[in-house]
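Have the structure open as you read.

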Amino acid sequence: MSMLIPPPLSLYVHLPWCVRKCPYCDFNSHEFKGGTPPFDAYVDALLADLDQDLPLVWGRTVHSVFFGGGTPSLFPADAIERILQGASSRLRFAPEAEITLETNPGTAEHGRFEDYRRAGVNRISFGIQTFDDATLKKLGRIHDSAQAAAAVDLARNAGFDNFNLDLMYALPDQTLAMAEADVLRAIELAPTHISHYQLTLEPNTVFAARPPTGIPDDDLAWDMQERCQALLADAGYAQYEVSAYARAGRQCAHNLNYWRFGDYLGIGAGAHGKLTLGSEQTILRRWKSKHPIAWLAGAGTQAGIGGDERIEPARRPFEYMLNTLRLVDGFTLSGFEATTGLPPSAIDAPLAIAIDRGWLQRDADRVVPTELGRRFTNDVVALFLED
Ligand SMILES: C[S@@+](CC[C@H](N)C(=O)[O-])C[C@H]1O[C@@H](n2cnc3c(N)ncnc32)[C@H](O)[C@@H]1O
Ligand code: SF4
């Protein structure tokens with residue numbers, strides 16, 4: 001065994017409610033029916049949840065915070081401020097910490113972005129999905145394309161110069177030209193980052209039970225991906241992960257930390273954490289109770305914890321590859337050693353097979369997936385599964 005060295009630490013905060021549940025979505029998100037969600041009680045519970053996890057990260061610095069959901073932009077700015085103040089009084093924040101808030105354009109109101117900025121948020125991620133109004137309806141979205149563009153303008157006018165737009169492709173009845181038009185429209189809004197996800201029919205969603213008609217087949221979806229990637233590259237957005245594109249220096253620090261097998265605390269309903277415990281030389285995964293009401297009742301006590309699991313050494317190569325091989329620039333063997341606590345020789349055999357098949361390339365320290373390897377990521381990663 002080598003020495004496990006704790007990697008950079010991030011904080012994920014899950015805010016679970018949405019105005020309406022989208023039929024394709026399998027996130028831990030819940031339509032809030034009637035009245036207003038219990039924002040204050042939820043913030044109190046988040047801080048109790050954090051207090052309970054603190055001994056696991058004593059003395060460490062937080063490099064990024066991500067408010068994900070659900071629809072975090074349902075929360076008023078004073079609630080976000082109370083979370084950030086509470087977290088930064090309990091944990092050391094890096095001075096340049098990236099602090100992202102996911103926003104549904106249907107919840108953007110005038111004045112709200114100024115308040116989020118004052119609260120400490122410095123990056124916004126918008127769930128746009130598409131600019132085609134008929135398709136937005138099929139996706140059950142609560143906003144149209146004009147509202148999406150207006151929300152982006154509001155954020156920009158409030159001083160947000162760092163924002164992401166989420167787009168999906170391979171949508172019902174979408175043509176190649178429509179997918180391209182979405183990307184071009186997104187580029188016009190000049191974000192620093194674009195996430196471009198292929199629509200997947202996730203089990204236990206309305207779309208899985210009753211699939212919409214006109215979903216593009218795999219060949220068309222592949223063409224959409226390639227064409228859109230080229231349009232994005234022409235406009236200065238370099239692909240750095242399967243679905244992520246950014247202007248130079250504007251990659252999402254929070255997501256990059258996940259993909260580099262970094263550490264993260266997860267607070268809130270159903271949030272997942274992964275923490276390297278240097279003193280014990282183990283890696284802990286911890287997840288919280290999933291349902292918001294159950295989590296609210298138990299947060300800060302054993303009842304709020306959904307489970308704890310150690311990542312055994314034999315499983316670490318697979319988990320490491322599952323994350324790092326999503327990245328265009330792969331991983332380093334020194335990074336592998338520090339974050340898994342295993343010597344590089346532990347992966348000699350599967351690495352040699354992957355190189356032989358033309359899926360990976362390596363120099364002295366860096367291992368990078370080839371074009372072919374990126375097309376067959378699942379097969380490459382499977383080579384690193386324990387026997
Ligand atoms: C938590 S949501 C983002 C914020 C906000 N809830 C919203 O939808 O506007 C994260 C993103 O994941 C993507 N996503 C969700 N479900 C998906 C699916 N089934 N297939 C592909 N992408 C999906 C969407 O682009 C979505 O914006
Ligand atoms: S708004 Fe976002 S999180 Fe909520 S259901 Fe729709 S895609 Fe999922």
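**A guided tour**

Alanine 170 is partly exposed, with 19 other C-beta atoms within 10 Å; here a residue is buried if 20 or more other C-beta atoms lie within 10 Å of its own, exposed if 12 or fewer, and partly exposed in between, with C-beta atoms placed from the backbone. You will find alanine 170 in the loop between E7 and helix H6 (176-188). Helices (H or I, at least four residues) and strands (E, at least two) are DSSP runs, numbered from the N terminus. Although alanine 170 is not a glycine, its phi is positive, at about 65 degrees.

Before going further, a word on the ground rules: this is a predicted model, in which local features need pLDDT of at least 70 and side-chain atom pairs count only at pLDDT 80 or more, while totals for chains, interfaces and linings use all residues. Residues are numbered from 1 along each chain as its sequence is written, and chains are lettered from A and ligands numbered from 1 in the order in which they are written.

Asparagine 204 also shows a positive phi, near 65 degrees, in a residue other than glycine. Asparagine 204 sits in the loop between strand E8 (193-198) and helix H7 (206-209), and counts as exposed because it has 7 C-beta neighbours inside 10 Å. Another backbone feature is the cis peptide bond that joins glycine 69 and glycine 70, with omega about 20 degrees. For context, most residues other than glycine have a negative phi, and most peptide bonds are trans.

Tryptophan 17, in strand E2 (residues 17-18), is buried because 23 other C-beta atoms lie within 10 Å. Leaving aside neighbours within four places in sequence, its contacts (C-beta atoms, placed from the backbone, within 7 Å) are His30, Phe32, Pro37, Gly70, Thr71 and Leu74.

Now to the ligands. Ligand 2 is surrounded by residues that include Cys18, Cys22, Cys25, Gly69, Gly70 and Asn104; a residue is near a molecule if its C-beta atom, placed from the backbone, lies within 6 Å of it. Around ligand 1 there are 16 residues, and the closest are Glu102, Asn104, Gly127, Asp166 and Tyr197. Strand E4 (61-69), strand E6 (123-129) and strand E7 (163-169) are the elements that each give two or more residues to this shell.

Stepping back, the protein has 15 helices and 17 strands. Its radius of gyration is 21 Å, close to the 21 Å that the globule rule gives for 387 residues, so the protein is as compact as a globular protein of that length. That radius is taken over C-alpha atoms, and the rule is 2.2 Å times the number of residues to the power 0.38. Of the 387 residues, 42% count as buried.

The domain assignment, which is automatic or from a database, gives domain 1 (9-257) and domain 2 (314-382). Their C-alpha centres lie 29 Å apart.

Note on methods:
Two residues are in contact if their C-beta atoms, placed from the backbone, lie within 7 Å.
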